[in-house]
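User: I would like to go through this structure with you. Could you start with the terms we need?

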Amino acid sequence: MTDEGNQSAGITFVHLGFSEHPPLQAPLFLVFSAIYTVTVLGNLGMIVIIRVSPTLHTPMYFFLSNLSFLDFCYSSALTPKLLEILVVDTKTISYMGCMMQFFFGCSLVITEMFMLAVMAYDRLVAVCNPLLYTVAMSRKLCALLVAASYTWGGMCSLTITYSLLGLFFCGSNTINHFGCGYSAILSLACSDPYFSQMMCFIISTFNEACSLLIILSSYVFIVVTIVKMPSTGERQKAFSTCASHLTAITIFHGTILLLYCLPTSISSWLLIKVATVFYTIVIPMLNPLIYSLRNNDVKEAARRLINTKLFSHAM
């Protein structure tokens, strides 16, 4: 690495966060702390319920437990630093700390993107071929699909992070954000970012297009199958199994596309921060609520687990 690269590795970044709105610092800390608490309890609770309930040991809930794990990890990778920024005067992060935060955040987002696509394929098999569902979605295939999602997310994130490590940072070290997002890091580079921009554009476009193609293709076949069902009861039951997943997909990809479309001008940074807060903090909290409130199997399993614990304490 060159001397200039070594100098870049030794710098410290300063987060602006929401410091342009001082009166909001304390209320935002309380709100984000509450949301993060619900996120941790909701996602870990979902994992525990699925693990201890034999009735939930199916491919759909195996994927859902991994989605909860991803949401917990993603929120934990970014939210604690945001909470720190809201209460401390020195809002700094080291160069390597910033790059590590970006790597894990990017990796988890891409993994979740394909986990949702895998869950769409799972719903396709369940609705279109229910009699062979357990055979078609074998434990080996489920484990392979999950492992592929994690591996691909890590490889893509590593590639983009490597392209950022090749940039030099010799000017301003102030990040107009509360996290080390790609556009925020790139705005501080004083070397040509063309290679990094092209890598990020290609990988992001490919991943978004592929995951959406898998999801849309799966739901086209699902809708066609549901329409052909003879009874209204069967159609409602089939649709109800997909409703929670459709809600999660709409929120997740809708926010991603919004962030893609926002320009990174000074006037739009506040909107980018708000959208990122929703994406980073709110969505990981919403997913377990969506799947638990709309899912009778999960609610019944949670009820049995609570009753068992209360009965054991009463004894």
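Analyst: Two strands pair if DSSP finds at least two bridges between them. Helices (H or I, at least four residues) and strands (E, at least two) are DSSP runs, numbered from the N terminus. This is a predicted model, in which local features need pLDDT of at least 70, side-chain atom pairs count only at pLDDT 80 or more, and totals for chains, interfaces and linings use all residues. Residues are numbered from 1 along each chain as its sequence is written, and side-chain values use heavy atoms, leaving out hydrogens and water.

User: In what order do the 3 strands of the open sheet come?

Analyst: The order is β2-β1-β3, with mixed pairing. At the edges are β2 (92–94) and β3 (174–175), each of which pairs on one side only.

User: How many bridges join β1 and β3?

Analyst: Strand β1 (residues 12–15) and β3 pair in the parallel sense over 2 bridges. The bridge partner of H15 in β3 is I175.

User: What separates the C-alpha atoms of A26 and C190?

Analyst: A distance of 35 Å separates them, and the two residues are 164 residues apart along the chain.
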